Amino acid sequence: MRILVLGGTTEARSLSAALAKGGHAVTTSLAGRTREPVPTAGRIRSGGFGGPQGLAEYLRAEAVDVLVDATHPFATAISANASEAASLAGIRRLCFYRPPWLAVPSDRWTSVSDIRTAVAAIPPDAIALLALGRQHLEPFASRSDVNFIVRAIEPFVPSFACEIVLERPRVSPSEEAAFMRERGITHLVSRNSGGIGAYAKIEAARALKLPVIMIDRPPPPAEPRFESVEALLQAI
Ligand code: NAP
């Protein structure tokens with residue numbers, strides 16, 4: 001089959017690799033935000049489609065048989081577009097939906113519904129690690145009473161005073177804990193992304209007994225949704 005995987009996640013890469021190995025003609029679509037994306041099996045295309053109509057046109061033009069939405073749980077616009085475009089083009093659409101992280105008893109989470117509430121939840125004089133993409137930082141500009149640390153893979157010019165550390169999140173919880181200790185972090189602000197890749201910082205905060213301001217998920221995309229790569233592959 002000809003399969004389009006809407007990607008930008010670790011699981012999308014696993015899906016594309018497994019589908020290509022199974023003999024399908026796979027294309028992975030990326031939004032084009034990262035200059036050097038991680039290599040992925042099959043073909044890669046990059047950049048927006050121009051809304052659901054644009055995506056539907058692409059699906060028809062490329063004679064795509066199945067659309068797989070394996071985008072990030074906070075990427076709500078592309079997921080809504082995927083549902084609409086698949087019905088416009090009259091093809092199947094399946095969604096990989098990563099389960100959220102769940103707090104364990106020793107976690108010190110304050111769950112908030114969105115970024116604006118997260119901004120208000122940070123106490124004055126905190127040293128807060130913002131584990132968020134650069135496009136989500138602007139609301140924190142109103143908190144000049146907080147010291148912010150942001151990690152970024154690529155350099156950028158922030159619109160407010162914050163310290164930018166150019167490095168990828170560290171892989172192990174102990175390395176993440178070392179980073180938090182070195183920088184004197186008192187609070188972690190994170191979205192509940194789920195998955196293994198970004199979990200080390202949550203485990204590190206647990207080990208250091210640091211408060212975490214956890215931004216809850218937006219509503220999930222439409223069914224059918226699969227919580228594991230294997231289950232989605234089986235459905236295909
Ligand atoms: P979004 O707000 O849902 O999408 C905004 C627009 O970007 C979409 O309307 C679409 O433009 C384009 N777009 C998004 N994902 C695309 C894809 N995979 N292929 C082609 N176009 C795409 O998305 P976002 O939150 O900015 O995320 C962008 C990408 O980064 C996604 O692929 C997502 O999986 C990945 N990602 C996101 C996060 C996160 O925290 N949100 C974290 C890790 C990775 P058109 O309407 O013009 O088609």
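User: How far apart are N and O in the salt bridge in which the side chains of Arg 183 and Glu 163 meet?

Analyst: Side chains of opposite charge can pair when their charged atoms come close. The term salt bridge is used for a side-chain nitrogen of Lys or Arg within 4 Å of a carboxyl oxygen of Asp or Glu. In this predicted model, Arg 183 and Glu 163 meet in such a bridge at 2.5 Å, N to O. Helices (H or I, at least four residues) and strands (E, at least two) are DSSP runs numbered from the N terminus.

User: Which parts of the chain do Arg 170 and Glu 182 link?

Analyst: The side chains of Arg 170 and Glu 182 meet in a salt bridge at 3.7 Å, N to O. This pair links the loop between S9 and H5, where Arg 170 lies, to helix H5, which holds Glu 182, 12 residues apart. For accessibility, buried means under 20% relative accessible area, exposed over 50%, and partly exposed in between (1.4 Å probe, protein chains only). Arg 170 is therefore partly exposed at 22%, whereas Glu 182 is exposed at 56%.

User: How many salt bridges does the structure hold, and which residues do shared partners join into one network?

Analyst: The structure holds 11 salt bridges. One of them pairs Glu 62 with Arg 43, whose closest N and O atoms are 3.2 Å apart. Glu 62 lies in the loop between H2 and strand S4 (66–69) and Arg 43 in strand S3 (residues 43–46), so the pair ties together parts 19 residues apart in sequence. Glu 62 is partly exposed at 25% relative accessibility, and Arg 43 is partly exposed at 47%. Salt bridges that share partners join Arg 2, Arg 43 and Glu 62 into one network.

User: Arg 93 has no salt bridge; is Arg 93 buried or exposed, and what does its side chain reach?

Analyst: In assigning charge, Lys and Arg count as positive and Asp and Glu as negative; His and the chain ends are not counted. Arg 93, in strand S5 (residues 92–96), is buried, and the nearest side chain of opposite charge, Asp 69, is 4.5 Å away. A polar contact is a pair of N or O atoms within 3.5 Å; within protein, one must be able to donate a hydrogen and the other to accept it, and residues adjacent in sequence count only if both atoms are side-chain atoms. The side chain of Arg 93 has a polar atom 2.8 Å from the backbone oxygen of Ala 222, and it reaches the backbone oxygen of Glu 223 at 3.2 Å. The peptide bond from Glu 223 to Pro 224 is cis, with omega near -5°.

User: Which residues come nearest to the ligand, and which element gives the most to the shell?

Analyst: A residue is near a molecule or strand if one of its heavy atoms lies within 4 Å of it. Of the 22 residues around the ligand, Gly 7, Ser 29, Arg 33, Phe 49 and Arg 191 come nearest. Helix H3 gives the most to the shell, with four residues. An oxygen atom of the ligand is 2.7 Å from a polar backbone atom of Gly 7, and a backbone N or O atom of His 72 lies 2.9 Å from a ligand oxygen atom. Taken alone the ligand exposes 810 Å², of which the protein buries 77%; accessible areas come from the Shrake-Rupley method with a 1.4 Å probe, and for residues only the protein chains shown count as cover.

Key: Residues are numbered from 1 along each chain as its sequence is written. This is a predicted model: local features need pLDDT of at least 70, side-chain atom pairs count only at pLDDT 80 or more; totals for chains, interfaces and linings use all residues. Side-chain values use heavy atoms; hydrogens and water are left out.
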